Amino acid sequence: MQWDDLRVFLAVARDESLSAAGRRLRIDPATVGRRVARLEEQIGTTLFAKSPQGYALTDAGERLLDHALRAEQAVLAASEEIAGQASRLSGQIRIGAPDGVANFLLPQVCAAIQDDNPELEIQIVALPRLFNLSRREADMAVTVSAPSAGRLLVQKITDYRLHLAASQDYLDRHGPIPSVAALRDHRMIGYIPDMIFDKELDYLNDLGGGRVPLASNSVVVQFHWLRQGGGVGIVHDFALPSAPDLRRILTDQLSLTRSFHLVRHADDARLERMNRFAALLSDGLRQEVARLEAALDKMSQASDA
């Protein structure tokens, strides 16, 4: 069994497609298919079940996946040890994150890291769901809840704040909102209830639930609805400096705190390159949340003066 064949097997297992695996590996799909067939012939069993939806691992493929992942980590660790720790990071690193952090924090943090490491390729996968790190949907993920299952490294990055907000236009048209109870007379904006993938994102549950006339699984869609004067919703404080037309309301009655965590596969602890990037990412996110929340507090104090 050759490492090159295992590398192709891992790409197909992750992408569930010969063409997508070929793009990842920079080889044509026909070659990917031949490599998979050769590996299946060597092992004497079928590793993938092909369907219109793509290539899904069989039971034998699932068993091989764990071994292939360990082989991959060993190869990467050996490469780092032989090459030595370079002064700059290089290669490709993919980060999975909910769309709030992916839109309002990661762009500037990752751009700053790439400025200092021009040979590094950083990819941000912004999806409102959990990521499967074992299948390498991402090399690491930013999450709100800390996972408790799986062979994972989990570290808390920082706390962040959220508050109710509405546009100045909406408040001008509907008048002041004196209390949380008065929200029942206003149009709420939030998540689609049955698409909330993390219990920590069920913000409106803190308000006693209720009807959500404008709902989306994307926090960015909710943000733009608020900016258009669509209603009232929960917003990350770190997003508000980019939207001076939005106003925090009822800050003395409702204030939420959540936390970001960085989640990595346990085997990556052996890779100095991943450890260095994780440290830079965590420090950058921590500093950016603090900077934006301080800027918002300063803006709020100035408007109250």
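Buried here means under 20% relative accessible area, exposed means over 50%, and partly exposed is what falls in between (1.4 Å probe, protein chains only). This is a predicted model, where local features need pLDDT of at least 70, side-chain atom pairs count only at pLDDT 80 or more, and totals for chains, interfaces and linings use all residues. Residues are numbered from 1 along each chain as its sequence is written, and side-chain values use heavy atoms, with hydrogens and water left out.

**View 1. R38 pairs up with D5.** The two side chains form a salt bridge (a side-chain nitrogen of Lys or Arg within 4 Å of a carboxyl oxygen of Asp or Glu), and their closest N and O atoms sit 2.6 Å apart. R38 belongs to helix 3 (residues 29-43) and D5 to helix 1 (residues 3-15), so this contact ties together parts that are 33 residues apart in sequence. Helices here are DSSP runs of H or I with at least four residues, numbered from the N terminus. As for accessibility, R38 is partly exposed at 35%, whereas D5 is buried at 1%. Across the model, the salt-bridge rule gives a count of 16.

**View 2. Helix 1, end to end.** How many residues does helix 1 have? It has 13, and from first C-alpha to last it reaches 18 Å, close to the 18 Å expected at 1.5 Å a residue. That expected span is 1.5 Å times one less than the number of residues. The buried residues of helix 1 are D5, L6, V8, F9, L10, A11, V12, A13 and R14.

**View 3. D15 meets R24.** Side chains of opposite charge can pair when their charged atoms come close. Here the salt bridge between R24 and D15 has an N to O distance of 2.8 Å.

View 4. R286 is partly exposed at 32% relative accessibility, and D283 is partly exposed at 37%. Elsewhere, salt bridges that share partners link R161, D237, R248, E293 and D297 into one network.

Terms used:
Helices (H or I, at least four residues) and strands (E, at least two) are DSSP runs, numbered from the N terminus.
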